[in-house]
Each structure stands twice: as structure tokens, then as C-alpha cells.
Amino acid sequence: MKTSADHSRPSPSGSNIPINSWYPPSVLGPASSLPHSSSEVASPSRVPSRTNTSNPGTSSQLQHSHSNVGAVANMFPMLKDKSVEELRKLLSDKEAYRQFLHTFDDVQQLDHLRIDLKKNNLDLARKNLEKESEINQLNNQCMIIRTTELASAQEKFQELHKQEMEVKDRLSISALLNRLQGSINEADENSENTHRRLLSGELELGEFIQMYKKQRILYHRRTLVHLAAVAPG
């Protein structure tokens with residue numbers, strides 16, 4: 001049968017953790033328990049001597065709670081002015097913890113940066129949406145160019161390309177040599193006609209000499225040019 005002393009015996013250190021705490025047990029740990037009320041952290045001199053005599057473990061439990069609070073205060077100086085109830089509320093109340101967290105300068109700076117970044121993203125999105133009509137207009141212009149101006153430009157290009165090929169054909173080496181050979185034959189034929197005219201009495205000797213001399217000079221000149229063009233090296 002349990003006695004009154006059994007009911008007054010303190011629970012294990014883990015039982016002091018708030019039941020509805022949103023911290024995982026791995027974060028709190030068995031040594032992170034807090035006393036249930038401010039009366040539990042009273043100085044040993046205020047604890048009735050009856051408690052010390054009936055249950056010696058109570059004094060060590062209170063000293064352990066004091067050491068836990070002191071360790072937390074040393075690790076987090078911003079918590080040293082918090083009462084036990086305030087600390088317990090930070091452990092169990094998510095909204096209270098959030099409000100306390102946003103009182104720090106570093107967190108506030110991060111909040112300002114996040115707000116500025118969000119605002120800049122919204123501004124960029126609005127600018128992009130404002131340019132949507134301009135983009136659509138440019139797309140329409142591109143379609144018009146493809147269907148009308150591009151077709152006429154391609155047709156003109158094909159015509160000019162054809163002319164270019166014709167000019168290249170006329171000015172090619174082989175074409176020029178053929179034309180030169182034709183002019184050589186023409187000069188030779190003209191000089192032969194002049195000679196036949198002399199024989200037929202159509203021309204006087206003096207006139208024949210002048211005409212024949214010019215025609216033969218032209219013939220030999222063109223022949224020399226042709227020979228130079230076809231010569232190797």
C-alpha cells in the first residue's frame with residue numbers, strides 16, 4: 001500500500017517536461033526539465049524542514065532544477081530574465097515562441113530581407129505581365145514578316161542568285177577562253193575576206209595593205225593572249 005510519502009515523492013526528471021511541448025524529446029533531453037511552478041525553485045531555506053526529513057530526494061531535485069535553469073541562462077543570455085512560467089510557455093506555445101523569436105535583430109533583418117525579396121519578385125512579375133502585349137505584338141509582326149515580306153525577299157534573293165551564277169558563268173576562265181578563241185577566229189576570218197576582196201579586185205593594193213595589216217595584228221595579239229592563258233604555270 002502506498003503511503004503519503006509515496007505520493008509526495010517527486011517524479012522522474014523527464015516528467016517535468018510539458019505534455020503539450022512542441023519540442024521533440026531529443027531536443028529537450030532528460031536534463032532539460034523545468035519545475036512546475038515558481039514555488040519549486042525557491043531557495044532551500046524556504047523549503048519546510050519536514051520535507052527534508054520525510055523525503056531527502058526533494059532537495060536534490062530542486063537543486064537539479066536550479067542547475068538546469070542556470071545552464072539554459074548561460075547558453076542563451078536572452079532567457080535569463082524569463083520566469084519559469086514564461087520559459088514553460090515558450091516550450092509549449094508555438095505562437096509565443098514565434099513572437100519571442102521575432103524580437104531579435106537578426107531575425108528582424110531576415111524578415112525585412114524576405115519582404116524586400118518578395119516585393120522585388122512581385123515587381124518583376126508585374127513588369128513581365130505588362131510586356132505581355134508587346135511580346136504578342138512582336139510575335140504577330142514576325143508572323144507577318146514570315147508570310148509576306150519573307151516570301152518576297154526570298155523570291156528576290158533567288159533571282160539575284162540566278163543573275164550572279166550567270167555572271168560567274170560568263171566570267172569564268174573557260175568561258176573567257178572560249179570567247180577569246182571566238183574573237184581569234186573572227187579576226188582570222190576577217191583578214192581572209194580582205195585578201196579575197198583584193199584578189200577579186202574590190203580593193204586597191206594600198207587599201208588592202210592597211211586593212212590586212214591591222215586585222216592580222218589583231219589576230220596575232222589575241223592568239224598570244226590565248227596562248228599565255230592556257231600555258232601551264
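How many residues apart are lysine 119 and aspartate 123 in helix H7? They are four residues apart, and therefore separated by about one helical turn. Helix H7 covers residues 105-130. The model described here is predicted.

The fold is helical. The chain has ten helices and zero strands. Read along the sequence, the pattern is α-α-α-α-α-α-α-α-α-α. The chain holds 233 residues, and buried residues make up 18% of them. Contacts between residues at least 6 apart in sequence were examined, and 56% of these join residues at least 24 apart. The accessible surface of the chain amounts to about 18000 Å². Carbon and sulfur atoms account for 58% of that surface.

A search of the whole structure finds seven salt bridges. One of them joins lysine 119 to aspartate 123, with the closest N and O atoms 3.3 Å apart. Aspartate 123 also meets arginine 126 in a salt bridge, at 3.3 Å from N to O. Arginine 126 and aspartate 123 both lie in helix H7, three residues apart, about one turn of the helix. Lysine 119 has a relative accessible area of 49%, so this residue is partly exposed. Aspartate 123 is partly exposed at 26%, and arginine 126 is partly exposed at 47%.

Another salt bridge links glutamate 202 and arginine 197, the closest N and O atoms being 3.3 Å apart. Glutamate 202 is exposed, with a relative accessible area of 54%. Arginine 197 counts as partly exposed, at 33% relative accessibility. Salt bridges that share partners join Lys119, Asp123 and Arg126 into one network.

The buried residues of H10 are Phe208, Gln215, Arg216, Tyr219 and His226. Their cover includes helix H9 (173-200).

Aromatic rings were examined next. A pair of aromatic rings is described by the distance of the centres and the angle of the planes. The count comes to two aromatic pairs. The rings of phenylalanine 100 and phenylalanine 104 have centres 5.2 Å apart and planes at 80 degrees, so this pair is edge-to-face. Phenylalanine 100 counts as buried because its relative accessibility is 15%. Phenylalanine 104 has a relative accessible area of 25%, so this residue is partly exposed. The rings of phenylalanine 208 and tyrosine 212 have centres 5.1 Å apart and planes at 25 degrees, so this pair is stacked. Phenylalanine 208 and tyrosine 212 both lie in helix H10, four residues apart, about one turn of the helix. Phenylalanine 208 is buried, with a relative accessible area of 9%. Tyrosine 212 is partly exposed, with a relative accessible area of 24%.

The surface also carries a nonpolar patch. Met75, Phe76 and Met78 make this patch, which covers about 320 Å². Methionine 75 is placed in helix H4, residues 57-75. At 61% relative accessibility, methionine 75 counts as exposed.

Key:
Residues numbered from 1 in each chain as written. Predicted model: local features only at pLDDT ≥ 70, side-chain atom pairs only at ≥ 80, totals over all residues. Heavy atoms only, no water. Buried < 20%, exposed > 50% of the residue type's maximum accessible area, 1.4 Å probe, protein only. Helix = DSSP H or I, 4+ residues; strand = E, 2+ residues; numbered from the N terminus. Contact = heavy atoms within 4.5 Å. Phe/Tyr/Trp six-rings, centres within 6.5 Å; stacked < 30°, edge-to-face > 60°. Patch = residues over 30% accessible without salt bridge, like charges linked within 9 Å, V, L, I, M, F, W, Y side chains within 5 Å. Areas by Shrake-Rupley, 256 points an atom, 1.4 Å probe, with all protein chains shown as cover. Salt bridge = Lys/Arg side-chain N within 4 Å of Asp/Glu carboxyl O.
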